Amino acid sequence: MSEENLRYSREDLAEFEQIIQSKLTAARKELSFIKETLTRNNESGTDTTAASLKVLEDGAETAEKESLNQLASRQMKFIQQLENAQTRIKNGTYGVCIGTGKLIPKERLRAVPHTQHSIEAKLARRD
């Protein structure tokens, strides 16, 4: 097997790096928005709300905060995965499936640029 079959070209890696960078920028903006929303929710509140409605609002507010915290957590994990993919580009291991050792198809990397598994390896992990 030649070296070309084990690694993507510099041009391909540059394309993937651009995709990753655009996704990172969008993910960081979204995380910032979620954090701002959480901060605003902590500061908001009305003193004129009736007591019985206040209990319902508190429950809804708590559920919303939990949901936003979960979104923020997922977004931070996604950002970390994208940053790890950038590291793999720099160290020359990007696009190589950790399960099979084969190149992950470009179409998969374009759709899921942070993946470390080919579809074949991903399906094998589920069994």
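What share of the contacts with a separation of 6 or more comes from residues 24 or more positions apart? The figure is 64% for this chain. The model is a predicted one, and the points below should be read with that in mind.

1. **Fold.** The chain has five helices and zero strands. Its order along the sequence is α-α-α-α-α. Two helices matter for the core described below: α2 spans 10–43 and α3 spans 51–91.

2. **Burial and surface.** The chain has 127 residues, and 28% of them count as buried. Its accessible surface comes to about 8800 Å². Carbon and sulfur atoms hold 52% of that surface.

3. **Nonpolar core.** The largest nonpolar core has 21 residues. Within this core, F16, I20, I89, Y94 and L109 touch the most other members. Helices α2 and α3 each supply at least two residues of the core. The largest share, nine residues, comes from α2.

4. **L109.** This residue is among the core members with the most partners. What does L109 touch once its neighbours within four places in sequence are left aside? Its contacts are Y8, F16, Y94, G95, I104 and T115. F16 and Y94, both on that list, also belong to the group of core residues touching the most other members.

5. **Aromatic pairs.** How many aromatic pairs does a search of the whole structure find? There are two. In one of them, the ring centres of Y8 and F16 are 5.4 Å apart with planes at 70°, so this pair is edge-to-face. Y8 and F16 are both buried. In the F16 and Y94 pair, the centres are 5.4 Å apart and the planes stand at 50°, so that pair is tilted. The cut-off behind these labels is simple: planes over 60 degrees apart count as edge-to-face, under 30 as stacked, and the rest as tilted.

6. **Link across the chain.** The pair of F16 and Y94 joins distant parts of the chain. F16 sits in helix α2. Y94 lies in the loop between α3 and α4, and α4 covers 106–111. The two residues are 78 residues apart. Both F16 and Y94 are buried.

7. **Aromatic cluster.** Y8, F16 and Y94 form one aromatic cluster. F16 takes part in the edge-to-face pair with Y8 and in the tilted pair with Y94. L109 is in contact with each of Y8, F16 and Y94.

Technical notes: Residues numbered from 1 in each chain as written. Predicted model: local features only at pLDDT ≥ 70, side-chain atom pairs only at ≥ 80, totals over all residues. Heavy atoms only, no water. Helix = DSSP H or I, 4+ residues; strand = E, 2+ residues; numbered from the N terminus. Buried < 20%, exposed > 50% of the residue type's maximum accessible area, 1.4 Å probe, protein only. Contact = heavy atoms within 4.5 Å. Areas by Shrake-Rupley, 256 points an atom, 1.4 Å probe, with all protein chains shown as cover. Core = buried A, V, L, I, M, F, W, Y, C linked by side-chain atoms within 4.5 Å. Phe/Tyr/Trp six-rings, centres within 6.5 Å; stacked < 30°, edge-to-face > 60°.
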